[in-house]
Every structure is written in structure tokens, then in C-alpha cells.
Amino acid sequence: MGVIDEVKQRTDIVDVVGEYVSLVKAGRTFRGLCPFHTEKHPSFFVYPEQQSWHCFGACNTGGDVFSFIMKKQGIDFGEGLRLLAQRAGVTISSRFEPEAQGREKERLYQVNQAAAQYFHNLLLNSPAGEKARNYVASRGLSPKTVTDFELGFSLNSWQALKEHLLERGYTEDELLTAGLIVEAEAGERHDRFRNKLMFPIHDARGRITGFGARVLDDSLPKYLNSPQTPVFDKSSSLYGINLAAAAIRQQDLAVIMEGYTDVITAHQNGFNNVVASMGTSVTEKQVGALKRLTRNIVLALDADEAGEEAMLRGVGYENTLEVEVKVIILPEGKDPDEVIKQDTKIWQHLVEEALPVVDYTFNMVTAELDLTTARGKSSAVDRLLPIIAEIKDVVRQAHYLQKLAHLVKVSEHTLEAVLSRIRPSQGRRRVKQPEAVPQALHPVLSSPVEEYCLSLLLQHPELKGNYQGLLPEYFENSENRESFIAWQKASDLSSLKEELDTAIWEHVDSLLTRSLPSNQVEQKYADCVLRLREKFLRSLEAKREAILALEREQGGTVAELAKLEEQGIEVSVQLGEAEVERNSLLKKAGRERWQRR
Ligand SMILES: [Zn+2]
């Protein structure tokens, strides 16, 4: 299988889009506010079954997961593919990652390192860095800690870092790719991080992949991170991993906190097996990355974020990643940072007493219920049994079933009967399982018509003179769409490959070597274009119909309905035209066959 298909197989468009758009399940689709245009009424839809998306609003366009990420990040197909590959844990072999890209990454690590040194020096020595030094001192961070974590300070300037790095031979494009500068509307480029305390983020190999930055006053947002880059992916990064890896392996235990300063304080006080989740809830990729070092993970959660959802995620990780997750609930309103500073023994005790995530969930659920009443019992069973159903390990499952039976004073036998009625997937649906779950592979939806049509074009240069009617958007698969766009621009095969990212070469090669009929090529091509067009229109129509039904059901506004109806009319007119054209083509083909006889 090619690398493109492998990425598709391991990527769920709902998860990817969900990172940018808040999606709500609506029937067999998910809907949300379009990230590409401003709207109040959500007209952006994601289709898990087709692994595609469509905006029925101002954009009126759609595509697959690649086109979404390309459009959202403003990157080309190759960059999008690499981003999604990294996210899905698919390695793009060196064949598809030419030396140039390896070198590019190396340059990004270097430029990040140069920036970190610059920031670090400013924090230690510049007059402007004084308030940052005061802040660091007020947090009780020692000079050794500041050095170990390479903390820094960015000047309150739009150009300082940019000029510093340009002088050192880095290009503006490199700075832009590394996320160190940003491009404003007018095309003018300036420093991303200004007047902030800087936290370089390292990977496990000690390379700097990106930065976290904190304001030095009460302004918002409090934190700013590097954007996604070829070397930085927030959802798989763990702050402090470069300094914590050895201790995690040695103690066979990793503690995940939320904030940069929590981790720094922990290390300064000798708790070296601690990392941070980059200020978001812990992701599966982060847990997956730790798995190489230990299977025992402790989540240090704020009292207010230790909700049922966080617990369910913990249970999910236990099952999918086969790690053991324990939970520390911090005293109300306190960060690990504060607890540790107050008394390291209290922290030590919290870690030792961390509760297995399922036990913790039991406590949390039952604390709110009166288990002497029938209603309380049934509510406890309703909420806990689906979690028990999720547990893969049969011994552990039996253990918790016993525990629940004991709690609600109902026989295990009765609960087992209920448990057997819960399909595991039913429970699983409640567990948020984002990102690359190795077991959950998505079907690769290839399109024979798209590929047949492209093969004809690629193998028959004579079609170049007359390929009207074929539009890039008829291709739903991004690799086909990209190949078609490149084919339009290119004059021959080698210039075609130049237009395309190397990752698609393999795909193009397979289209070039496909065996095709050699007679009546033009007619076959014309027929193919019509079929593609019909497929495109029908798919649009089906999506629109589904949404229309949904809108009616949910009492959509008259204006919205009217707009969708209008789009529908236009599509059906075009479908009608396509049919007429197709019929005349068939007649023509028949006539020619008859004439040749
Ligand atoms: Zn839109």
C-alpha cells in the first residue's frame, strides 16, 4: 500500500477537522461553523462514511482530509501529507522524503536552537529582560533551572529576532516555516513572540521543535505556542521530555501535568519523571510516546478539569494503549507548582496515593448519588457499567463488576446480564478516542472513475488539446486532484513530476502503467468525464438532501432552507444537462459502431 493510502487508513477526518472546528454530531454527519468563512449558522459538514467535508455556505466547496488540511494551514499537498502522516504515526520512507526535506528539518532545528540561545541570552543579560528575570525569581526558579530548561525572553519588538537570525544566515522562509515569524495581511513579516517569557520545547532527542511563551502581565491569552510546523506538533509534544526520559524509565512511572512551570518546579525539587501536556488535555499520541519509557502513567488533574470526560479518556487510553492510568486530584484551586512549593512531602504522598482511573471514576460517580435508593443505584449502574464494558482485561473487568455489585447491592449475575447487552462499541462511543488508534483503520476510498480518467489523460498526450469540461473539483481524492492540476500546467511527463510533490510520484506511476484500451480513446475519455461530473453532482446532491432533511427536523431557518433548496435546483439542472450529454454521446457511439460495420 502506498504511503498516501496508509495515511488515509490511519486518519479519521472527524478527528482532524475536530481539532479546528467544534463539531456536533447530526445524524450520520458532523456539523460546525465553517472555518473558511464567517458564519453564524453552521453550514459546514463532515461525512465520516465518505471521509469528506463540504461547506454549503459561502464556500460551497469540499473535499477529503488532505484538501481540508491544505486549505486550513495554507500548505501544499506534500506538506499536508507529511503533517497527517506524522499525526497518524506513518513514516514516510526516505524514498519519499528526499534529502532536501531531511535537510530542511535539520535547518528548522538549527534555527530554533539559534532562537532559543538568543532568547536565553536576553533573559540572562539584557536590561529589557529585567521584568522577566523578576518574574522568574518570583516563581522561585533557580539559575540552574533557568539554564537546564533554557528559559528565555523575547523583546517587545516586531523585528528583533528576525533581524538577529537573518544576520546569522537563516532565510525569512525558514523563519516562517519554523513559526518564529508570522506573515501579516499585507505580506509584511514580523516576530511571532514579543515581550514574553520563552519556554523552548524539546523532543526526546533534545532537539528544539518549538516554543511556548507566557505573557509577563495579566493580559490574555496567557500562553502562545509555536504553530504546527514540519518539526512541531503540539498534540504529540511533551514539555520536559528531554530532561525527564531517563527518570521515567528508571522509576517506571511518568507523571503528566498541565503547565510548563509545574514541570519546572517539579524538576527543581527532584521530581524528574514529570512532563507537561502542553496546556491541553492529554492526547493519545502523548500517552503513546511515553509508552516507550513506561506503562505506568499518572495524570495530575485540577479539581475542576477532573470531570467524567477526562476519566473516560483515561479509561480509553488504558484499553487502547495498554497502559495503566492513575489519577491525582489536586487540592481545590491549586497547581502542582503550588503544592510542591508548599511541601514536597504532600506531593510525594499524592503521587503514591494516586488512584487507578476506574476506581477514581467510581468515587466520582457515586459521591453524587444516594446508593440506598433505587434511583441512585440504577443511575450508578447506568454510568459505570459502560465503563466496565470497555475494560479489555477480563480479570480487571470482573474485579470492577464485583465492586459495582457490592456498591449497589445487586447480584453480580444481574449486572453480568446487563453487561452482556451492552455492545462494547456502545460504551466505546462515549470514550473519546481521537487520533491514531492502531486498531481503528478507516477504509481507503479510492475512486476507480477518477483514476481511470486520469490514466487516460496521462497515457494519451493527444487528449491535452481537448479536455474541456473536466474540473479539478470533480476529483474528490486530493492526490488525483493534485495530479490533474499539475497535468494541466505541465507540458510533458518530467515537467509534470516537477510540478508534483514526490509523495505523489508513486501514485502517478501506477496511473501511467495501468493497462488501458487503446481504441476510441477520445470517446472513452468524454464518457469518463461525464461520469465523473455526474458522480460529483450526485454526491453533492446526496449530501445536500441529507442536510436539508436535518435542517427541517431541527427547525432550520427559512432563509437557510431556501438557500439549500436553491443550490439543489442548480445541481439538478446540471445533472439533467449531464444526462442529456451522456445520452447523445451514447447515441453517437452507437452510430459510429453501426457505421463501421
Ligand atoms: Zn464555508
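Reply: Let's begin with a word we need: a residue is buried if its relative accessible area is under 20%, exposed if over 50%, and partly exposed in between, using a 1.4 Å probe and protein chains only. Helices (H or I, at least four residues) and strands (E, at least two) are DSSP runs, numbered from the N terminus. The model is predicted, so local features need pLDDT of at least 70 and side-chain atom pairs count only at 80 or more, while totals for chains, interfaces and linings use all residues. Numbering starts from 1 along each chain as its sequence is written, and side-chain values use heavy atoms, without hydrogens or water.

Nine of the 12 residues are buried, so α21 is largely enclosed by the rest of the structure. Going along the helix, the buried ones are Val449, Glu450 and Glu451, then Cys453, and then Leu454, Ser455, Leu456, Leu457 and Leu458. What do they pack against? Their partners are four helices: α22 (478-489), α23 (493-499), α24 (502-512) and α25 (521-553).

Leu550 lies in α25 and is buried, with a relative accessible area of 10%. Leaving aside neighbours within four places in sequence, Leu550 is in contact (heavy atoms within 4.5 Å) with Ala26, Gly27, Thr29, Arg31 and Phe45. Thr29 is 521 residues away from Leu550 along the chain, yet their C-alpha atoms are separated by 9.8 Å.

Next comes the zinc ion. Cys34 (SG), His37 (ND1), Cys55 (SG) and Cys59 (SG) coordinate it at 2.0 to 2.3 Å; donors are N, O and S atoms within 2.8 Å of the metal, or 3.2 Å for Na, K and Ca. The angles among the four donor atoms are 100 to 117 degrees, which makes the site tetrahedral (all angles between 85 and 135 degrees). In sequence, the donor residues follow the spacing C-x2-H-x17-C-x3-C. Cys34 sits in the loop between β2 (29-32) and β3 (44-47), and Cys59, 25 residues apart from it, in the loop between β4 (52-55) and β5 (61-64). How do these two cysteines compare, buried or partly exposed? Cys34 counts as buried because its relative accessibility is 5%, whereas Cys59, at 23%, counts as partly exposed.

Now to the strands, which pair if DSSP finds at least two bridges between them. Strand β14 (residues 296-301) is mostly covered, with five of its six residues buried. β14 runs parallel to β12 (residues 254-257), joined by three bridges, and Ile256 stands opposite Leu299 of β14. β14 also pairs in the parallel sense with β15 (residues 324-329), over six bridges; here Val298 has Lys326 of β15 as its bridge partner.

Conventions:
Tetrahedral: all angles 85-135°; square planar, octahedral: opposite > 155°, others 65-115°.
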